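Trainee: I would like a close look at one part of this model. Please take me through it slowly.

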Amino acid sequence: MTLFAVRFRSWYRALALVMAGALIFPSVVFSQAQDEYSKPIRSLKEIREEGVIRQKWDMSCGAAALSTLLTYEFKDNTPETAVVVWILHRVDPVRVRARGGFSLLDLKRFAQARGYHAEGFTGMSIEELAEQKTSVIVPIRMKGFDHFIVVHKIVEGHVIIADPGFGNITMRVDRFQSLWKEGIVFIVHPPTDLMLTEKRPSIASRTIPDPSIIQREIGVAIPPNYLY
């Protein structure tokens, strides 16, 4: 018997066994094929918005950035609206409008009230930014407007960003440096490693005020909320 005939017979026997298995256990064979080719498909919008709190108002990028940081970095479910309402109960809304949004000091006070240690730095280099162990908030200036984003990490000359106005984005380091304001970085530290574990949202975090009140250009009226 030639070598070709031996190989052909071996191949034929293997094929016969597979076909027999499909006849005896059709559901198993179909299930394996289905698992192989039926992976979930996500839209570009879902991928872009994964792990990012999108800002609801023009001037709330800082609140959305802090909400993103606390919710996904420290597993502390903190809606953007909770940050906005807390700050507006302590800062004159007219000043917020004049500044064009919330300041890093506003965000720091909220983070501290929630039990975190927060600090801001200026003049930080891109190398120092790359060494940060957690995600941080940085201000950028784009098209004449100040905007807060979350920087996750720097990989192979690219900055991995969660942008409250757009979603997940990757930017070249040189492009990022041209937008980064004065090397300013806002870092939030959890009071304990327990903050990194899952926990139930507080009542304050689950309280969602009427968005229309805030949406009216950060009006003077503040929704009644005695939790704040």
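Which residues in α5 meet which residues in α7?

Mentor: First, the ground rules. This is a predicted model, where local features need pLDDT of at least 70, side-chain atom pairs count only at pLDDT 80 or more, and totals for chains, interfaces and linings use all residues. Residues are numbered from 1 along each chain as its sequence is written, and side-chain values use heavy atoms, with hydrogens and water left out.

Now the contact. From α5 come A82, V83, W86 and I87; from α7 come D106, L107, R109, F110 and A113. Contact here means heavy atoms within 4.5 Å. By class, this contact has 7 nonpolar, no polar and 2 charged residues. Ala, Val, Leu, Ile, Met, Phe, Trp, Tyr, Cys and Pro count as nonpolar; Asp, Glu, Lys and Arg count as charged; the others, Gly among them, count as polar.

Next, the geometry. Two packed helices are described by the angle between their axes and the distance between the axes. Helix α5 spans residues 80-88 and helix α7 spans residues 104-113. Their angle is about 105 degrees, and their axes lie 10 Å apart. The two are therefore roughly perpendicular to each other. The cut-offs: under 35 degrees is roughly parallel, over 145 roughly antiparallel, 65 to 115 roughly perpendicular, and the rest oblique. Axes are lines fitted to C-alpha atoms, for helices over the stretch in contact, and angles run from 0 to 180 degrees between N-to-C directions. Helices (H or I, at least four residues) and strands (E, at least two) are DSSP runs, numbered from the N terminus.

How enclosed is α5? In α5, 9 of the 9 residues are buried, so this helix is largely enclosed by the rest of the structure. Buried means under 20% relative accessible area, exposed over 50%, and partly exposed in between (1.4 Å probe, protein chains only). The buried residues of α5 are E80, T81, A82, V83, V84, V85, W86, I87 and L88.

Look at the rings in this contact. A search of the whole structure finds 3 aromatic pairs. One of them joins W86 and F110 edge-to-face, at 5.5 Å centre to centre and 85 degrees between the planes. Rings of Phe, Tyr and Trp (its six-membered ring) pair if their centres lie within 6.5 Å; planes under 30 degrees apart are stacked, over 60 edge-to-face, and the rest tilted. W86 in helix α5 and F110 in helix α7 are 24 residues apart, so this pair links distant parts of the chain. W86 counts as buried at 14% relative accessibility. F110 is buried too, with a relative accessible area of 4%.

Now the charges. Across the whole structure, a search finds 6 salt bridges. A salt bridge is a side-chain nitrogen of Lys or Arg within 4 Å of a carboxyl oxygen of Asp or Glu. E80 forms one with K56, the closest N and O atoms being 3.7 Å apart. This pair links distant parts of the chain: K56 is in the loop between α3 (44-49) and α4 (61-73), E80 is in helix α5, and they are 24 residues apart. E80 is buried, with a relative accessible area of 1%, whereas K56 is exposed, at 52%.

D106 is buried, with a relative accessible area of 3%. R99 is partly exposed, at 37%.
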